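Reader: Hello! I would like a close look at the surroundings of the ligand, please. After that, do take me through whatever else in the chain deserves attention.

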Amino acid sequence: MTDEQAPERLQKVLARAGYGSRRVCEDLIEDGRVTIDGVVATLGDKIDAQRARIEVDGALAPVAPGLVHYLFNKPGGVVTTASDPQGRTTVVSFFPETPRIFPVGRLDLHTEGLLIVTNDGALAHDLMHPSKGVDKEYLVQVTGDPSPATVRRLREGVDLEDGRTAPAKVSRVAEGVLRITIHEGRNRQVRRMCDQVGHPVLRLVRTRIGGIGDASLKPGEYRTLSVKELQKLASAIAAGTQGSPHSDTLPIGPNDAEEVNE
Ligand code: URA
C-alpha cells in the first residue's frame with residue numbers, strides 16, 4: 001500500500017468501514033454527525049482515508065484501509081510484548097506475521113483474559129490515554145473471603161505507593177471471588193489493591209474492555225472485533241467513561257483457582 005491515496009468520497013469511506021450503506025452514511029454527514037480533522041463534514045467532502053481523522057458522533061472512526069482489530073483471550077503465562085528476551089510465549093506469536101500487530105496495553109504474565117490486538121495506532125493511543133478512562137472489568141479470585149467492609153474499601157479507593165486508587169465498581173460474586181471494574185491503568189493495579197486489603201490475588205481474569213466481552217472465546221483464541229464493537233469502544237473513549245454492565249458469566253469458579261506466582 002502506498003502512502004498517497006486518491007481522495008475518496010467520505011460516504012464511500014464510511015460505508016466501507018461498516019457504518020451502513022452509502023445512503024445511510026450520507027444521512028450521517030448531512031445530520032452533522034461526522035467530522036474531518038475536527039471540522040464538521042459536508043456532503044461532497046473527499047478525504048484521504050489513510051491520513052484523515054474521522055469522527056462519528058465524537059467517536060474516532062477506524063476508516064484507514066488495512067486496519068485490523070482483534071479481541072484475544074490471553075492465556076496465563078504469556079507475555080504481552082512483541083518479543084521476549086527470555087524466550088517465553090508472546091501474545092504476538094498467536095497471530096499471523098502480517099500485518100504487524102501489537103497488544104493495546106498490557107496484562108501481567110499470569111493475568112488471563114481479554115486484550116485488544118491491532119495495528120491501529122490511533123485507537124491504541126486513545127484507548128491507553130489515562131484521561132479516557134475506559135472501563136476494564138476483572139474477575140478476581142483472592143485468598144480468604146473479603147468482608148463487606150473490605151469490598152467497600154476497594155470500592156472507595158485504597159492507598160497504594162503511587163497514590164489512592166479512584167473509586168471502583170467492586171462486588172463479591174462468590175466466596176473469595178470479586179468482580180472489580182477500574183478505569184485507571186496503573187501497573188499491577190488490581191493485584192496491588194487486593195494485597196493492600198489483605199487478600200492477595202490467586203487468579204486474575206479480564207472479562208471486559210470498554211463494554212466489550214466474550215465468554216465464548218477460549219484461552220489462546222482471537223476474533224475480529226465487529227464494527228458495532230469498534231463503535232462501542234470509540235464511544236467509550238469519547239465519553240471518557242461508560243456504564244458498562246458487569247458480565248454475567250463467571251469463568252472463575254470456586255474450584256478452579258490456581259496458585260499464581262508472579
Ligand atoms: N491489574 C493487575 O494487577 N494486573 C493486570 O494484569 C491487569 C490489571
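This is a predicted model: local features need pLDDT of at least 70, side-chain atom pairs count only at pLDDT 80 or more; totals for chains, interfaces and linings use all residues.

As for the setting, the ligand sits in the largest pocket.

On the nitrogen side, a polar side-chain atom of aspartate 108 is 2.7 Å away from a nitrogen atom of the ligand. As for cover, the ligand taken alone exposes 240 Å², and the protein buries 95% of that.

Stepping back, here is the chain that holds this site. The protein chain has 6 helices and 16 strands. It counts 262 residues, 48% of them buried. Of the contacts between residues at least 6 apart in sequence, 66% join residues at least 24 apart. The chain exposes about 12,800 Å², with carbon and sulfur atoms supplying 50% of that area.

Threonine 118 belongs to strand E9, residues 112-118. Its relative accessible area is 0%, so threonine 118 counts as buried. The side chain of threonine 118 reaches the backbone oxygen of valine 68 at 2.6 Å. Setting aside residues up to four places away in sequence, threonine 118 touches Val68, His69, Ile101, Phe102 and Val104.

The loop between E7 and E8 holds two further residues to look at. Aspartate 84 is placed there, and it counts as buried because its relative accessible area, 15%, falls under 20%. Beyond its neighbours within four places in sequence, aspartate 84 is in contact with Val79 and Thr90. Proline 99 is found in the loop between strand E7 (69-74) and strand E8 (102-103). The peptide bond from threonine 98 to proline 99 is cis, and its omega is near -10°.

As background for your backbone checks, most peptide bonds are trans, and most residues other than glycine have a negative phi. Two aspartates have a positive phi. Aspartate 37, which is not a glycine, has a phi of about 45°. Its place is the loop between strand E2 (34-36) and strand E3 (39-40). Aspartate 57 likewise has a positive phi, near 55°, and it is found in the loop between strand E5 (54-56) and strand E6 (59-60).

Are these two aspartates exposed or partly exposed? Aspartate 37 has a relative accessible area of 51%, so it is exposed. Aspartate 57, at 47% relative accessibility, counts as partly exposed. The reason for the two labels is the cut-off: exposed means over 50%, and partly exposed lies between that and the 20% limit for buried.

How values were computed:
Residues are numbered from 1 along each chain as its sequence is written. Side-chain values use heavy atoms; hydrogens and water are left out. Helices (H or I, at least four residues) and strands (E, at least two) are DSSP runs, numbered from the N terminus. Buried means under 20% relative accessible area, exposed over 50%, partly exposed in between (1.4 Å probe, protein chains only). Contact means heavy atoms within 4.5 Å. Accessible areas come from the Shrake-Rupley method with a 1.4 Å probe; for residues, only the protein chains shown count as cover. A polar contact is a pair of N or O atoms within 3.5 Å; within protein, one must be able to donate a hydrogen and the other to accept it, and residues adjacent in sequence count only if both atoms are side-chain atoms. On a 1 Å grid over the protein atoms alone, a cavity is a set of points where a 1.4 Å probe fits but cannot get out, and a pocket is an open set with protein on both sides within 12 Å along at least five of seven lines; lining residues have an atom within 4 Å of a point. A molecule sits in a cavity or pocket if more than half of its atoms lie within 2 Å of its grid points.
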